[in-house]
Amino acid sequence: MTLDNYKGVIITSEYLLNKGINQLFSKNDFTVDNEIVALLDIRNMPRMINGNTIVIHDKYGIFFVERTTKQLMNEFYKFNKIGFLLSKALMNYFELKQNIPMVFGYCSYMPMRGGSRTCTDWIALHWLNDAKQRGDHARFETDNGLIIQLDFPRGNLQDRVHDTCFLSEHQVKTLDVILSKGGMKMIPPKYVGLSDKYAHCHCLFHKEIPVNLTDVDLSVDRFEQFLLEAITKGEIESDITKEIYHQKIYRLMKLY
């Protein structure tokens, strides 16, 4: 069942588990990729299917799996070898404490609720044309005209989208500057959805996006500091350990 069959309806968990139940199928061998449009958490909903998550996928359509949304999102490190690492590093520096998204380049997955230890719905900004808040719901329009509605109990949706897009732009620009030093050029995909919606924003966050190698050097230093903090957290004399690791990393960058 392709996604085109769902045009003209508002896709919600309730709709899929009731009127749309006969169109769902199981796909427990599914491996995560950037073609996931949304993940719907159905653990605590009455259901006739043996699944904990409904997956909306650009290629495979809409199906369910036994894994939770948290388990699926944690599997992204197998797909891109980065997972949440870059997102956590940037959020730590800019003191964005909650609602950690999974951002890697132009691909951004945003949670509907905060709390990294719980399950929630997730939406892919790189597949969206529009995002609007309606009370305690968020309504999204995808690139092919689908309407997906998810619970959004707290916060301002546009602020959340802005912050996720900022993380994406920061990563992309950093990589672009680094690649240029190797005589390479980044070619973005033809469609990036909402990922570049705030490309011309002049807020304090966006003023921190790297524009030259000096800025990138600062970003790399921050990333190293984040890793060293995480690795040495809880250790005795962690400051000394961090300095030793820093010196070893510095030596690796040089010929001798």
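Because the model is predicted, local features need pLDDT of at least 70 and side-chain atom pairs count only at pLDDT 80 or more, while totals for chains, interfaces and linings use all residues. Residues are numbered from 1 along each chain as its sequence is written, and side-chain values use heavy atoms, with hydrogens and water left out.

We may begin with the sheet. Four strands form an open, mixed sheet in the order β1-β10-β9-β8. Its edges are β1 (10-11) and β8 (128-134), each of which pairs on one side only. Strands here are DSSP runs of E with at least two residues, and helices are runs of H or I with at least four, numbered from the N terminus; two strands pair if DSSP finds at least two bridges between them. Strand β1 runs parallel to β10 (residues 147-151), with two bridges between them. Within this pairing, Ile-11 has Ile-148 of β10 as its bridge partner.

Two residues in loops come next. His-206 lies in the loop between α5 (157-180) and α6 (213-232). With a relative accessible area of 8%, His-206 is buried (buried means under 20% relative accessible area, exposed over 50% and partly exposed in between, with a 1.4 Å probe and protein chains only). The side chain of His-206 makes a polar contact of 3.0 Å with that of Glu-169; such a contact is a pair of N or O atoms within 3.5 Å, where within protein one must be able to donate a hydrogen and the other to accept it, and residues adjacent in sequence count only if both atoms are side-chain atoms. Setting aside neighbours within four places in sequence, His-206 is in contact (heavy atoms within 4.5 Å) with His-162, Phe-166, Glu-169, Tyr-198 and Cys-201. Glu-75, found in the loop between α2 (69-74) and α3 (76-80), also counts as buried, at 16% relative accessibility. Apart from residues up to four places away in sequence, Glu-75 touches Val-32 and Arg-67.

Turning to charged pairs, the structure holds nine salt bridges, each being a side-chain nitrogen of Lys or Arg within 4 Å of a carboxyl oxygen of Asp or Glu. One of them joins Asp-130 to Lys-132, with the closest N and O atoms 3.8 Å apart. Asp-130 is partly exposed at 24%, and Lys-132 is partly exposed at 46%. Another links Lys-173 and Asp-176 at 3.9 Å between the closest N and O atoms; both residues lie in helix α5, three residues apart, or about one turn of the helix. The side chains of Arg-222 and Glu-208 also meet in a salt bridge (3.7 Å, N to O). This pair ties together distant parts of the chain, 14 residues apart, with Arg-222 in helix α6 and Glu-208 in the loop between α5 and α6. A network of salt bridges links Glu-229, Asp-239 and Lys-242.

Finally, the surface carries a nonpolar patch formed by Ile-231, Ile-240, Ile-244 and Tyr-245, which together have about 360 Å² of accessible area. Patches comprise residues with over 30% relative accessible area and no salt bridge, like charges being joined within 9 Å and nonpolar side chains (Val, Leu, Ile, Met, Phe, Trp, Tyr) within 5 Å; accessible areas come from the Shrake-Rupley method with a 1.4 Å probe, and for residues only the protein chains shown count as cover. Helix α7 (residues 238-252) contributes the largest share of the patch, three residues. Ile-240 lies in helix α7 and is partly exposed, at 47% relative accessibility.
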